[in-house]
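Here is a short report on one protein chain. Keep the structure open while reading.

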Amino acid sequence: MLFSFNDQLSKNLIPYDFDFNLALFDNDFKVISPELFLVLSTISLLVYGVIGSTSQKKNYPILVSNLAWLAQQAIFFTIILISNNPLTHGVIFYNSLVVDDFTLFFKIVVLCGAFFSILISLDYIKKEGLNLFEFIILILLSTCSMLFLISSLDFISMYLAIEFQSLCFYVMAALKRNSEFSTEAGLKYFLLGAFSSGILLFGCSLIYGFTGVTNFSELGKIFTYFGEPGLRGCELGMIFILVGFLFKLTAVPFHMWAPDVYEGAPTSVTAFFSIAPKVSVLAVFVKLFFSGFYDFMIPWQTVCILSSLASMIWGSLAAMSQNKIKRLLAFSSIGHIGYMLIGICCGTVEGLQALFIYLVIYIVITVNLFAIVLTPLTRDFTHSLQRVKYTTDFAQLGKTNTILAITLTVTMFSIAGIPPLAGFYSKAYLFFAAMSSSQYLLALVGVITSVISCFYYIRIVKIMYFEASSGASYAEQKHRMGQKERRFSHISKSTSIPLGITFFIILFFMIYPSPLYLACHKAALAICL
């Protein structure tokens with residue numbers, strides 16, 4: 001394209017007063033200035049943490065809280081830079097990265113998810129004794145890689161960003177070095193993640209071998225010209241890439257690592273895994289398959305439909321037998337990935353818009369849930385602390401902390417899809433988009449599995465209000481413990497702020513949903529047009 005432009009310019013087909021600069025990366029660094037700011041901020045915080053925590057003069061201070069607040073400021077200023085960047089549309093670095101309304105939307109969602117992940121983890125880190133400032137640095141580094149992954153328009157930049165974020169995740173899962181469960185989670189995640197990355201890379205290499213290009217848009221042009229029968233070999237490469245993405249998204253049947261990793265990793269790490277990474281992977285997944293492989297829609301749509309059905313069914317059925325809260329949330333997230341795949345299977349603007357709305361509401365609900373799970377339990381007249389590990393740990397929460405119980409009740413009703421809460425609207429919009437695309441089976445199974453999921457979501461509400469711990473009545477347990485009753489400790493300000501914000505969104509989303517609908521519609525149009 002560059003040579004043809006120069007030929008036209010030399011033949012006077014384009015006027016000389018046309019403002020065009022052929023300088024190398026002339027405006028490219030201006031476009032990615034928010035990402036560069038976050039990268040430089042992360043490096044500065046890393047240097048500050050290494051030098052400050054090893055200072056003998058300062059008596060080796062613990063800098064986790066300081067770094068956490070500085071990291072949140074860096075993320076906040078990055079959001080401001082992205083929102084006010086004058087260069088909002090274009091392809092940069094020789095078609096390696098792209099910026100448009102789609103990338104702007106997903107970058108803001110990722111940054112907000114990372115911001116709230118750090119915020120709800122502050123109290124947990126302090127009381128659990130995880131005096132590792134590297135946790136905050138790893139969150140920032142993985143967030144940087146997610147921003148570049150969302151902007152990727154090339155197989156090379158996409159794979160580098162995926163590997164960068166995956167390396168951070170492997171270390172984060174095994175961060176609690178004195179816990180064998182955390183070490184097992186990190187090792188299992190590393191082995192299976194490396195396997196999935198190899199499958200993804202093999203698919204990319206097959207596509208490059210058959211076409212000679214790595215750019216998503218160029219692939220779309222080639223497939224449009226030759227058609228599906230002309231490039232049968234590319235279909236195999238596309239299937240390998242699809243399997244790699246489904247593994248990253250924890251979709252059935254590539255979900256086997258998620259429950260064990262979610263349970264073994266520290267709870268703050270599990271919260272981050274549930275909130276941020278799925279956003280970036282879904283973004284590049286949608287971009288690749290709607291711009292590069294749209295002419296292969298029948299094969300990848302079939303795989304996505306089967307995976308969506310299996311994820312919804314298995315996620316809802318497997319979660320019914322779970323007593324541990326993190327495994328329950330892991331299988332719940334597998335089921336929600338099945339719902340999100342419905343929007344991709346539609347192949348329409350309405351389907352993508354429904355997917356983006358569902359994704360945002362799911363992140364809001366997940367932040368609220370993990371903010372409660374990260375709140376410590378305590379007993380009266382003692383100083384022992386323990387974390388919420390089992391669903392029965394919520395017993396008598398309705399009597400010991402009424403406000404927290406009401407918050408969790410509303411959140412559970414919302415994630416189950418009960419009107420008029422935010423979760424109901426996101427699911428309804430998704431099912432209507434599926435029916436408008438003639439995906440009646442997906443909509444039917446989605447409704448049925450939503451009804452099934454009400455069992456284990458509302459069971460937690462029942463435990464909070466109508467059950468006593470260890471199967472004893474409330475009065476008997478209180479007498480047996482010598483007036484020492486289990487209750488949640490005082491909720492810190494860093495946890496109460498995200499709890500209040502997410503509770504407000506869940507409860508009052510129905511009143512004014514237009515801003516989110518418009519933002520999602522613009523993002524969907526940026527992909528489809």
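## Confidence

This is a predicted model. The mean pLDDT of the chain is 83. Of its residues, 87% reach 70 or more. One is residues 12–22, which has 11 contacts in the model beyond near neighbours in sequence. The other is residues 471–484, with 21 such contacts.

Start with α15, residues 325–346. Its 22 residues should span 32 Å at 1.5 Å a residue. The end C-alpha atoms are 32 Å apart, so the value agrees with expectation. Is this helix enclosed by the rest of the structure or open? It is largely enclosed, because 22 of its 22 residues are buried. Just after α15 comes G347, with a positive phi of about 70 degrees.

Helix α7 covers residues 155–173. It has 19 residues and reaches 27 Å from first C-alpha to last. That is close to the 27 Å expected at 1.5 Å a residue. Which residue caps the N-terminal end of α7? D154 does. A side-chain oxygen of D154 lies 2.8 Å from the backbone nitrogen of I156.

## Cis peptide bonds

Two cis bonds deserve a look. One joins V252 and P253, with omega about 10 degrees. P253 sits in the loop between α10 (232–248) and α11 (258–264). Another joins P419 and P420, with omega about 5 degrees. P420 lies in the loop between α18 (402–416) and α19 (422–436).

F93 has a positive phi of about 50 degrees, although it is not a glycine. Its place is the loop between β1 (90–92) and β2 (97–99). Is F93 buried or exposed? The relative accessibility of F93 is 16%, and the cut-off for buried is under 20%. F93 therefore counts as buried.

S438 also takes a positive phi, near 65 degrees, and is a residue other than glycine. S438 is in the loop between α19 and α20 (440–466). At 49% relative accessibility, S438 counts as partly exposed. Exposed needs over 50%, so S438 stays in the partly exposed class.

## Aromatic contacts

A search of the whole structure finds 35 aromatic pairs. Among them is F29 with F93, an edge-to-face pair. The centres are 5.4 Å apart, with 85 degrees between the planes. This pair links distant parts of the chain. F29 belongs to helix α2 (residues 28–31), and F93 to the loop between β1 and β2, 64 residues apart. F29 is partly exposed, with a relative accessible area of 46%.

F509 and Y517 form a tilted pair. F509 is buried at 7% relative accessibility. Y517 is partly exposed at 22%.

One aromatic cluster is made of F223, F245, F285, F289, F290, F293, Y294, F296 and W300.

## Two more residues

E35 is found in helix α3 (residues 33–53). E35 is buried, with a relative accessible area of 3%. What does E35 touch, leaving out residues up to four places away in sequence? The answer is K107, L147, F148 and S151.

P86 is in the loop between α4 (64–83) and β1. P86 counts as exposed, at 73% relative accessibility. The C-alpha atoms of P86 and K30 are separated by 9.2 Å. Along the chain, P86 and K30 are 56 residues apart.

## Accessibility in brief

The table collects the accessibility values.

| Residue | Relative accessibility | Class |
|---|---|---|
| E35 | 3% | buried |
| F509 | 7% | buried |
| F93 | 16% | buried |
| Y517 | 22% | partly exposed |
| F29 | 46% | partly exposed |
| S438 | 49% | partly exposed |
| P86 | 73% | exposed |

Note on methods: Residues numbered from 1 in each chain as written. Predicted model: local features only at pLDDT ≥ 70, side-chain atom pairs only at ≥ 80, totals over all residues. Heavy atoms only, no water. Helix = DSSP H or I, 4+ residues; strand = E, 2+ residues; numbered from the N terminus. Expected span 1.5 Å × (residues − 1). Polar contact = N/O pair within 3.5 Å; in protein donor to acceptor, adjacent residues only side chain to side chain. Buried < 20%, exposed > 50% of the residue type's maximum accessible area, 1.4 Å probe, protein only. Contact = heavy atoms within 4.5 Å. pLDDT = per-residue confidence, 0-100. Phe/Tyr/Trp six-rings, centres within 6.5 Å; stacked < 30°, edge-to-face > 60°.
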